[in-house]
Amino acid sequence: MRWDPQYLSQIIESYQTLSKEVLTSSLIVWPEGAVPLPLPLSANLFQELDSLMKAHNTALIAGVPSERPNHQYYNSLLAVGNASGIY
(Lines give C-alpha, C1' and ligand atoms only; values in the text may rest on other atoms or scores of the structure.)
Protein backbone atom coordinates (compact mmCIF):
# COMPACT_ATOMS: atom_id res chain seq x y z
CA MET A 1 0.00 0.00 0.00
CA ARG A 2 2.79 2.43 0.91
CA TRP A 3 3.93 2.96 -2.69
CA ASP A 4 0.59 2.42 -4.44
CA PRO A 5 -0.45 5.85 -5.84
CA GLN A 6 -4.12 5.20 -5.10
CA TYR A 7 -3.35 5.31 -1.34
CA LEU A 8 -1.20 8.45 -1.40
CA SER A 9 -3.85 10.91 -0.26
CA GLN A 10 -5.07 8.51 2.45
CA ILE A 11 -1.55 8.08 3.84
CA ILE A 12 -0.83 11.81 3.89
CA GLU A 13 -4.23 12.61 5.36
CA SER A 14 -3.61 10.12 8.19
CA TYR A 15 -0.33 11.79 9.18
CA GLN A 16 -1.86 15.26 8.90
CA THR A 17 -4.82 14.29 11.09
CA LEU A 18 -2.58 12.73 13.74
CA SER A 19 -0.30 15.77 13.69
CA LYS A 20 -3.16 18.24 14.07
CA GLU A 21 -4.11 16.45 17.30
CA VAL A 22 -0.72 17.29 18.84
CA LEU A 23 0.01 20.78 17.49
CA THR A 24 0.68 21.96 21.04
CA SER A 25 3.87 19.85 20.99
CA SER A 26 7.17 21.52 20.26
CA LEU A 27 8.23 18.65 17.98
CA ILE A 28 6.36 16.18 15.79
CA VAL A 29 8.27 13.35 14.10
CA TRP A 30 6.96 11.33 11.19
CA PRO A 31 8.73 8.04 10.38
CA GLU A 32 11.12 7.21 7.57
CA GLY A 33 9.23 7.06 4.30
CA ALA A 34 6.15 8.66 5.85
CA VAL A 35 5.50 10.58 2.65
CA PRO A 36 5.65 8.13 -0.26
CA LEU A 37 6.12 10.92 -2.77
CA PRO A 38 9.67 12.06 -3.46
CA LEU A 39 10.93 15.60 -3.30
CA PRO A 40 10.35 17.84 -5.21
CA LEU A 41 6.95 16.27 -6.01
CA SER A 42 5.97 16.62 -2.35
CA ALA A 43 7.25 20.21 -2.02
CA ASN A 44 3.75 21.74 -1.99
CA LEU A 45 2.73 19.45 0.88
CA PHE A 46 5.75 20.50 2.90
CA GLN A 47 5.13 24.19 2.17
CA GLU A 48 1.63 23.81 3.62
CA LEU A 49 2.98 21.90 6.62
CA ASP A 50 5.65 24.56 7.13
CA SER A 51 2.97 27.26 7.41
CA LEU A 52 0.81 25.15 9.73
CA MET A 53 3.72 24.27 12.01
CA LYS A 54 4.97 27.87 12.17
CA ALA A 55 1.48 29.07 13.08
CA HIS A 56 1.55 26.70 16.08
CA ASN A 57 5.20 27.23 17.04
CA THR A 58 5.95 23.58 16.28
CA ALA A 59 8.68 21.74 14.39
CA LEU A 60 7.96 18.77 12.13
CA ILE A 61 10.58 16.27 11.02
CA ALA A 62 9.41 13.86 8.33
CA GLY A 63 10.92 11.05 6.34
CA VAL A 64 10.65 11.53 2.59
CA PRO A 65 12.47 10.03 -0.39
CA SER A 66 14.72 12.29 -2.44
CA GLU A 67 15.84 11.74 -6.00
CA ARG A 68 19.46 12.05 -7.02
CA PRO A 69 20.38 13.32 -10.50
CA ASN A 70 21.00 9.73 -11.66
CA HIS A 71 17.34 8.84 -10.87
CA GLN A 72 18.21 6.88 -7.74
CA TYR A 73 16.22 7.49 -4.59
CA TYR A 74 17.41 7.72 -1.00
CA ASN A 75 15.78 8.39 2.36
CA SER A 76 15.86 11.95 3.60
CA LEU A 77 14.71 13.77 6.69
CA LEU A 78 13.05 17.12 6.11
CA ALA A 79 12.41 19.62 8.90
CA VAL A 80 9.76 22.35 8.58
CA GLY A 81 8.02 24.82 10.86
CA ASN A 82 10.21 25.78 13.82
CA ALA A 83 12.99 23.69 12.29
CA SER A 84 14.47 23.72 8.83
CA GLY A 85 16.75 21.71 6.66
CA ILE A 86 17.13 18.42 4.90
CA TYR A 87 19.45 15.55 5.61
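Leaving aside its neighbours within four places in sequence, Ser 66 is in contact (heavy atoms within 4.5 Å) with Leu 39, Gln 72, Tyr 73, Tyr 74, Ser 76 and Ile 86. The model is predicted: local features need pLDDT of at least 70, side-chain atom pairs count only at pLDDT 80 or more, and totals for chains, interfaces and linings use all residues. Residues are numbered from 1 along each chain as its sequence is written, and side-chain values use heavy atoms, with hydrogens and water left out.

**Ser 66**
- Ser 66 sits in strand β2; strands are DSSP runs of E, at least two residues, and helices are runs of H or I, at least four, numbered from the N terminus.
- Ser 66 is buried, at 5% relative accessibility; buried means under 20% relative accessible area, exposed over 50%, partly exposed in between (1.4 Å probe, protein chains only).
- The side chains of Ser 66 and Ser 76 make a polar contact at 2.6 Å. Such a contact is a pair of N or O atoms within 3.5 Å; within protein, one must be able to donate a hydrogen and the other to accept it, and residues adjacent in sequence count only if both atoms are side-chain atoms.

**Thr 58**
- Thr 58 lies in the loop between α2 (43-55) and β2 (59-67).
- Thr 58 is buried, with a relative accessible area of 0%.
- Its side chain reaches the backbone oxygen of Ser 25 at 2.9 Å and that of His 56 at 3.0 Å.

**Helix α1**
- Ile 11, Ile 12, Tyr 15 and Ser 19 are the buried residues of α1.
- These buried residues pack against β1 (27-29) and α2.
- The face turned away from the buried side carries the exposed residues Ser 9, Glu 13 and Lys 20.
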